[in-house]
Amino acid sequence: MMPDDLIIQTIAPTTHDLGDFKVHRSLPAKGRTMVGPFIFFDQAGPAKIAAGQVIDVRPHPHINLATVTYMYEGAFFHRDSLGTEQIVEAGAVNLMTAGKGIVHSERSPDEDRAKASKLSAIQTWLALPDRYEEMDPAFEHVSEGGLPVIEDGQARARVIMGSLWGAQSPVTTYAQTIYADIQLSPGGRIPIDPSADERAIYVSGGDASLDGIMLAPQTLYVLRPGVRATLMSVDGGRVVLCGGEAFNSPRHVWWNFVSSTTDRLMQAREDWDAMRFPLIPGDDQEFIPIPKGRP
């Protein structure tokens, strides 16, 4: 199969160096805002965090989206305006549904602050379908043991969201969604089926190829709808599969906000500037200010 028959778009990420670690952002990108419901795709790390060097993402707001935090290594302490306090560790997932509005922070857990630690994570945002955009905020956590794992020889895949390879994740979905963490040992292979409207593959570490086409690391490959393929690795690799149903109406992104209308983005901007969002119990002394500019 020729590359154009299988891959319809190749997205090189924008890399942000935050000092202690780098963030590779693949979505949104020029020419493509979404893959299924995925409208934001970040790889944070991998990085080694020295003792006393901590991650403190101060309180900030979201609307009309759901955030998905999936850890490879390390941990984040999540707090939000619902009163949630939850540590997410390797192999577990946090799903935070912003709906009509939520505020959260992500910080290094207390037990990691005085010692050297590691950080490696995939953070994504999912746009909410029109009927769910203004739903009440919600939060759920599923531990590593709660997510189904498919193992077949040299391939191991954890189904984070949706239904793949005959296994169903318990994590809530609002639109049809597929999301998996695939680990391939040397010589490992796994089929990528065509069940979703839109699909993308991302190599977060090691090497991988798709039907013999070598895939570059930290690059998002959008696959042609309806095409079956086989993912494999020579020396071992870690790959993310994501996607789901195509949205009929476009989504707009500005700062931490996503919505089907720009008017709603403007309202959220004004609400955060006036501090009309709910605060986080126990973490209400700091916040990230609204950036300059308008949606």
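## Chatting through a predicted model

Trainee: Where does Asp112 lie?

Mentor: Asp112 lies in the loop between S10 and S11. Keep in mind that this is a predicted model.

Trainee: Is Asp112 buried or exposed there?

Mentor: Asp112 is buried, because its relative accessible area is 15%, and the cut-off for buried is under 20%.

Trainee: Which residues does Asp112 touch, not counting those up to four places away in sequence?

Mentor: With those set aside, Asp112 touches Ala75 and Ser117.

Trainee: And which residue does Asp112 form a salt bridge with?

Mentor: That would be Lys115, with the closest N and O atoms 3.8 Å apart. Lys115 is partly exposed, at a relative accessible area of 43%.

Trainee: Let's follow Ala75. Which strand is Ala75 in?

Mentor: Ala75 belongs to strand S7, residues 75–80. Ala75 counts as buried, at 12% relative accessibility.

Trainee: What is Ala75 in contact with, leaving aside neighbours within four places in sequence?

Mentor: Ala75 is in contact with Ile87, Val88, Glu89, Pro109 and Asp112. So Asp112 turns up again, because contact here is heavy atoms within 4.5 Å and Asp112 is on that list.

Trainee: How many Å apart in space are Ala75 and Tyr174?

Mentor: They are 26 Å apart, C-alpha to C-alpha, and 99 residues apart in sequence.

Trainee: Back to charges. How many salt bridges does a search of the whole structure find?

Mentor: The search finds 16 salt bridges. One of them joins Arg113 to Asp56, and the closest N and O atoms in that pair are 2.6 Å apart.

Trainee: Which parts does the pair tie together?

Mentor: Arg113 is in the loop between strand S10 (102–107) and strand S11 (117–127), and Asp56 is in strand S5 (residues 56–62), so the pair ties together parts that are 57 residues apart in sequence. As for cover, Arg113 is partly exposed at 25% relative accessibility, and Asp56 is partly exposed at 34%.

Trainee: Which residues are linked with Arg113 in a network of salt bridges?

Mentor: The network links Asp56, Arg107, Arg113, Asp283 and Glu286.

Trainee: OK, another pair. Which residue does Arg264 form a salt bridge with?

Mentor: Arg264 forms a salt bridge with Glu134, and their closest N and O atoms are 2.6 Å apart. Arg264 lies in helix H2 and Glu134 in the loop between S11 and strand S12 (138–142), so this pair ties together parts that are 130 residues apart in sequence.

Trainee: Is Arg264 buried or exposed?

Mentor: Arg264 counts as buried, at 16% relative accessibility, whereas Glu134 is partly exposed, with a relative accessible area of 40%.

Trainee: Changing topic: which way do the side chains along S18 point?

Mentor: In S18 (residues 189–192) they alternate.

Trainee: Which strand is S18 joined to, and how many bridges join them?

Mentor: S18 is joined to strand S23 (residues 229–232) by 4 bridges, and the two run antiparallel. Within S23, Thr230 is the bridge partner of Pro191.

Trainee: Last topic, the surface. Which residues make the nonpolar patch?

Mentor: Met275, Leu279 and Phe287 make a nonpolar surface patch of about 260 Å². Leu279 lies in the segment after helix H2 (262–273).

Trainee: Why does Leu279 count as partly exposed?

Mentor: Because its relative accessibility is 46%, and partly exposed sits between the cut-offs of under 20% for buried and over 50% for exposed.

Note on methods: Residues numbered from 1 in each chain as written. Predicted model: local features only at pLDDT ≥ 70, side-chain atom pairs only at ≥ 80, totals over all residues. Heavy atoms only, no water. Patch = residues over 30% accessible without salt bridge, like charges linked within 9 Å, V, L, I, M, F, W, Y side chains within 5 Å. Areas by Shrake-Rupley, 256 points an atom, 1.4 Å probe, with all protein chains shown as cover. Salt bridge = Lys/Arg side-chain N within 4 Å of Asp/Glu carboxyl O. Buried < 20%, exposed > 50% of the residue type's maximum accessible area, 1.4 Å probe, protein only. Pairing = 2+ DSSP bridges.
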